[in-house]
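Hello,

Here is the model I promised to pass on to you. Please open it next to this email, and then read on for what turned up when I went through it.

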Amino acid sequence: MLELRETALAILANTDPQSKVVRLFGLYDEYLAQRIAINASKHFAANFTSQDIEIPGRPNKPELVAPKFVPKRKMDTVEGRAILWHSLAHIEFNAMNLALDAIWRFPNMPRAYYEDWLKVAKEESYHFSLINAHLQSFGYSYGDFPAHNSLWEMVERTSDSVIARMALVPRTMEARGLDAVPEIRDRFKQIQDERAVEILEIILHDEIGHVLVGNRWFNFLCANENVSPIATYQELAEKYRAPTLKGPFNFEAREQAGFTSEELELLESLGEKRTQAA
């Protein structure tokens with residue numbers, strides 16, 4: 001019988017996006033059919049270097065560059081819209097990888113933790129497939145434009161701590177998508193790209209659930225350690241150099257994703273301070 005965490009690591013190391021998606025869907029189906037075991041106690045990191053595995057597995061393209069060198073995303077040309085859509089494909093490819101990484105890397109979590117992240121990985125791979133298919137309708141494919149690596153860099157920074165990973169990847173980096181996707185969706189509404197709008201609605205709906213997973217396990221870990229989630233988040237954000245939170249914030253989506261009223265009030269006050277400073 002296959003083991004979930006070990007198989008997730010193998011899929012993470014796969015360099016071909018389409019093969020990665022197919023294998024991940026297969027893993028999800030096999031798990032639902034109860035043909036996959038979970039060994040939560042195994043530590044893979046100890047013998048990881050001897051396995052000659054590089055993660056994440058990614059294709060030769062896109063070229064990874066600093067964010068300032070990513071091409072401009074303009075809506076008034078086909079290429080500009082394709083660049084925007086390509087950036088979304090890259091986000092979803094990295095999100096698929098980070099969910100797989102959350103499965104294999106962190107031992108001794110409850111079974112539900114691994115199940116949650118397997119579902120997230122499968123949904124992120126579905127998003128990637130939807131976006132790449134629509135990108136091809138513009139005459140382009142994933143890899144045709146440079147991309148930046150900020151999301152995965154935060155994954156790497158938090159590789160030593162599951163509580164830092166939950167705090168700073170799903171509920172910080174990915175939560176920014178809850179704020180950004182509605183604006184992008186509305187831009188495609190204006191040019192009557194109905195398929196783009198439909199895909200972005202799917203992504204927004206699912207991403208609320210993904211951020212909720214991050215909140216669930218962050219709060220679980222805080223409760224286990226008997227620490228304040230707000231104070232702990234602030235400490236982790238400073239320690240791991242998390243990006244500064246900037247509005248506007250999608251408060252409705254963030255509330256649905258499990259942020260507390262106190263956390264939302266802090267975000268609201270942050271937005272007000274920035275407005276006053278401007």
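Predicted model: local features only at pLDDT ≥ 70, side-chain atom pairs only at ≥ 80, totals over all residues.

**Salt bridges**

Arg 254 and Asp 179 join their side chains in a salt bridge, with 2.8 Å from N to O. Arg 254 belongs to helix 9 (residues 251-256) and Asp 179 to helix 6 (residues 162-190), so this pair ties together parts that lie 75 residues apart in sequence. Arg 254 and Asp 179 are both buried.

How many salt bridges does the structure hold? The count is 11.

One is Glu 115 with Arg 111, whose side chains meet at 3.4 Å, N to O. These two residues are four apart in helix 4 (residues 111-137), which means that about one helical turn separates them. Glu 115 is partly exposed, at 31% relative accessibility, and Arg 111 is also partly exposed, with a relative accessible area of 46%.

The other pair is Glu 123 with Lys 119, where the closest N and O atoms are 2.7 Å apart. Here too the residues are four apart in helix 4, so about one helical turn lies between Glu 123 and Lys 119. Are the two partners buried or exposed? Glu 123 is buried, because its relative accessible area of 15% falls under the 20% limit. Lys 119 is partly exposed, and its relative accessible area is 40%.

Staying with helix 4, I looked at its span. With 27 residues at 1.5 Å a residue, helix 4 should span 39 Å, and its end C-alpha atoms are 40 Å apart, which agrees. After helix 4 comes Gly 139, which has a positive phi, near 95°.

Two packed helices are described by the angle between their axes and the distance between the axes. For helix 4 and helix 6, the packing angle is about 30° and the axes are 15 Å apart. Their crossing is left-handed.

Which residues meet there? From helix 4 come Tyr 113, Trp 117 and Glu 124, and from helix 6 come Val 162, Met 166, Pro 170 and Glu 174. By type, the residues of this contact divide into five nonpolar, two charged and no polar.

**Backbone details in the loops**

The peptide bond from Lys 61 to Pro 62 is cis, and its omega is near 15°. Pro 62 sits in the loop between strand 2 (36-37) and helix 3 (78-105). Gly 247 and Pro 248 are also joined by a cis peptide bond, with an omega of about 0°. You will find Pro 248 in the loop between helix 8 (229-239) and helix 9.

That loop between helix 8 and helix 9 also holds Arg 241. Its phi is positive, near 55°, in a residue other than glycine. Arg 241 counts as exposed, at 56% relative accessibility.

Where is Gln 192? Gln 192 lies in the loop between helix 6 and helix 7 (194-225). Gln 192 is not a glycine either, and its phi is positive, near 60°. With a relative accessible area of 67%, Gln 192 is exposed.

**One last stop, in helix 7**

Asn 224 is placed in helix 7. Asn 224 is exposed, because its relative accessibility of 56% is over the 50% limit. Counting from Asn 224 to Asp 206, the two are 18 residues apart in sequence, and their C-alpha atoms are 27 Å apart in space.

Do write back with any questions once you have had a look around.

Best wishes

Methods:
Residues numbered from 1 in each chain as written. Heavy atoms only, no water. Salt bridge = Lys/Arg side-chain N within 4 Å of Asp/Glu carboxyl O. Buried < 20%, exposed > 50% of the residue type's maximum accessible area, 1.4 Å probe, protein only. Expected span 1.5 Å × (residues − 1). Axes fitted to C-alpha atoms, helices over the stretch in contact; angles between N-to-C directions. Left-handed = near helix turned anticlockwise from the far one by under 90°. Contact = heavy atoms within 4.5 Å. Nonpolar A, V, L, I, M, F, W, Y, C, P; charged D, E, K, R; others polar.
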